[in-house]
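Me: I would like to learn how to read a sheet in a structure. Please take me through it.

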Amino acid sequence: MSTDKNTPQLNFWQRITSAHPSIESATERRFASVLSMLLLAFLPLYFLPESIRAILEKHSLPDILYLGSGVLFLTVAYVFSRSPYPRWGSRITILYFSLLPFAALFVKAERYAGDNVNEALIWTIPVMLLALTIVPPKQIKFVVFAHIGFYLIIPALWDGLTHRQVFSTLWLVIAVGGLVIISAYVQGRYLEQARREAKQNKISERRFREIFLGSPVALWEADFSQIKIRLDSFAEKYDNEIRSYILQNPEAMVGAGSSVVLLDANNAALDFYEAEDIEILKKSLHVVVSPDAMLALRDGVVELWEGEKNKPIETIHKTLTGKERNVIVRFSLRAGYEDTWERVNISIDDVTEQRKAEVSIRQLASAVEASASSILITDLDGRIEYVNPAFSLITGYGEEEVIGQKVEDIQKSGEHPEEFYETLNHIIESGQVWKGEVVNRRKDGSLYWESLVISSVKNDDGERTHRVQIKEDITRRKELEQALALAHEEALVASDMKTQLLANVSHDMRTPLGAILGYTEMLDAGVFAPLNAKQAEATRAIAVNTQKLLDFVSNLLSQAQIDTGKIILNPAAFVPQHLVDALGGELSLARTQGLSIETIIDPKLPEKIMGDSYWLGQILHNLLSNAIKFTPQEGEIKINLFKDNDISWALQVSDNGKGIPQEAQEYIFESFRQVDGSPTRQAHTGSGLGLSIVSHLCRLMNGEIKLESEEGKGSIFTIFLPLYEAEER
Amino acid sequence: MMEEKNTLALVIEDDPAQQEIFSHAIKSAGYDVEVIGKGNEAMQRLDEITPALVVLDLHLPSVSGDEILRHIRADERLATISVILATADPLLAEALHAESDLVLLKPISFTQLRDLAMRLRSTT
């Protein structure tokens, strides 16, 4: 506001007395301006009457020269005063006035002759005094010495002038000159000091401005003088008990806020309050200063009154867009304004993020405190810096007992091999996260299982500073696991026993069943005696049912082996014909029942192929049993072993029986399933295991089942299997 | 022609019921049958005779069936004898598959054994 150097509208007087624009120093400008004013005022005042007298009376040449040279001198001095070198103007002026008395002696010799000379010379005294105002103090002595010098020289230059005539004035000049020098010296020192102070002030002012404007902290400069006046009046009335008065009388400061005048704010402040410029901020102070901030202002004022500087006061300010910010405000009086409070510096620290962080830290801290998992924080050497209450609960150690201790010293059980601890330490030291289960020791020496996660805490530079251990007591879980493992083992043993029992039972059943079947067949074959029709029918019925019982027992054994995963295929070379040969008495039995069973072995099949002939036999047997079961007397069954292509061969059993309905084809390979609801169900009872075993074995052999069936026309089961020809030995 | 053919068959089986079924089946197939119930006796007997067919039970007292089988296969004189192996154990059956002409899983049907023996007789 006071910074504009060039006032646009200059009046005439100012225009002819202003200093040269190149001069920057204010004192120099003032000096130049005063000098030019003096000269302009002096010229007419001094020369006009003299000139008129010179013209009206007699105008001798020396008179005119005298006046002319005076005009010339002072004009030159004026020109200099308006130039970049106004000091020369002052020197010329002084020189002129110094020379003037002596010149007068020459020009008006008759008037100043003899003792009258002192009337002229006495003029040097006001000149010296004049010099005091326009000559720099340091140069005053030269003016004085020059004048004294002139006094000494003038008698020699001017005939008829004796030293004695001059001396009477000389003493006076010396006395006054001495006083002038002394006063100039004093003045010089004063000016010097003033200049130094001014310079200092300027520097500190500039520095202050720089700091103020460039500060990253939001800064205000405000005028609190109205508040100071109010406080002063309170102080008179209430005997300086300002604090208690103000704090107890809220109304005391009503309106104080609006009496504060915001003078300036730095860029950080504008950014912070989201104000485009200072004027907008000035107008919007009522937005910024919330009611809470008014309390902060009141507190700040009290602190200022008590001489406290920069006392932090936390409050909430609002930005111009209405965002609430947590701030710390500090008030301080600007040096030099302690009495008036016209300049108060206010700094505003944004602590919103800190406060938010503190809240989240508090939340995290309480979560950690309340956690049921025990949590430890250690330094990089493993020394405990923090434990949460759960740790104390689980281990029995109080917090104060473990702080500063090494975790391994108090917790290590030694239950794990040394390599386990080494690996653990290695992983942690490499900065990785370690997860695992550890047996640790409680304070009372008892051991317990912990699930443990150890991770690192890093600082902003990514350096690891601490480790965090999160531990959970899993002793109970471990016990359960062990119990479960035990139970599982027992179950396996039980299951094994069941399977073994089943195997034994079926084995032991098969032997007598085999004997029954064998004797029945012998009877049927007439080995002992020819049978009559009724007897033959009865023996056949015994044979058929015994065969069914045998099949069931065999399948139970197979199923038990499948259930326990006991089936291990042992591929070996076998002759395809042997598969058919190995079919039990069922084949001949079926034939005796009137079924036609045809076996075809493809001549293109290799002589020997690789496969597990026992289980292949089971497949064929089950398919055959199935076909016999569902094919009426006089039906036809075909067993066909053929080469499908270079990489597969097939077992095929086809019949012209009742067939399998479409909807049943999907589930007949499941355990214990038969086509239910069929009218002939009673006649075809069976375990329902056969096809499920076929399907399972087929999967084990990487084979594929194909079922073609049409109700009333029959079924074709084909098992495609990978073909591996046995190598010739 | 028929007279020249060796028709001696040895049934090595300890269970009396099986013995009877096997011997009847083999007899029906046209063989002369000799039945032995113990492994060691069978070994001794095989030193004396060279049967055309041996029906061998694997599970035998004193000397087991697979020992006898190995003995037969190792002896030059006996090596070509047809051996029908009878066992209730599928794993053993598989293990000995290659060594024998036919492995039948117990229980063995009378008609099945008779028919197979007939076929063997006509092919050898």
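Me: In what order do the 5 strands of the open sheet in chain B lie?
Reply: Strands of a sheet pair through backbone hydrogen bonds, either parallel or antiparallel. In chain B the order is E2-E1-E3-E4-E5, with parallel pairing. Strands (E, at least two residues) and helices (H or I, at least four) are DSSP runs, numbered from the N terminus, and two strands pair if DSSP finds at least two bridges between them. This is a predicted model, where local features need pLDDT of at least 70, side-chain atom pairs count only at pLDDT 80 or more, and totals for chains, interfaces and linings use all residues; side-chain values use heavy atoms, leaving out hydrogens and water. Residues are numbered from 1 along each chain as its sequence is written, while chains are lettered from A and ligands numbered from 1 in the order in which they are written.

Me: Which strands of chain B stand at the edges?
Reply: Strand E2 (32–36) and strand E5 (102–105) of chain B do; each has a single partner strand, so one side of each lacks a neighbour in the sheet. From one strand to the next, the twist averages 15°. Angles run from 0 to 180 degrees between N-to-C directions, with axes fitted to C-alpha atoms, for helices over the stretch in contact.

Me: How many bridges pair E3 and E4 of chain B?
Reply: Strand E3 (residues 53–57) and strand E4 (residues 82–87) of chain B pair in the parallel sense over 5 bridges. Val55(B) is opposite Ile84(B) in E4(B).

Me: Which strands of chain B does helix H3 touch?
Reply: Contact means heavy atoms within 4.5 Å. Helix H3 (residues 65–74) of chain B touches E1, E3 and E4 of chain B, at about 155° to E3(B).
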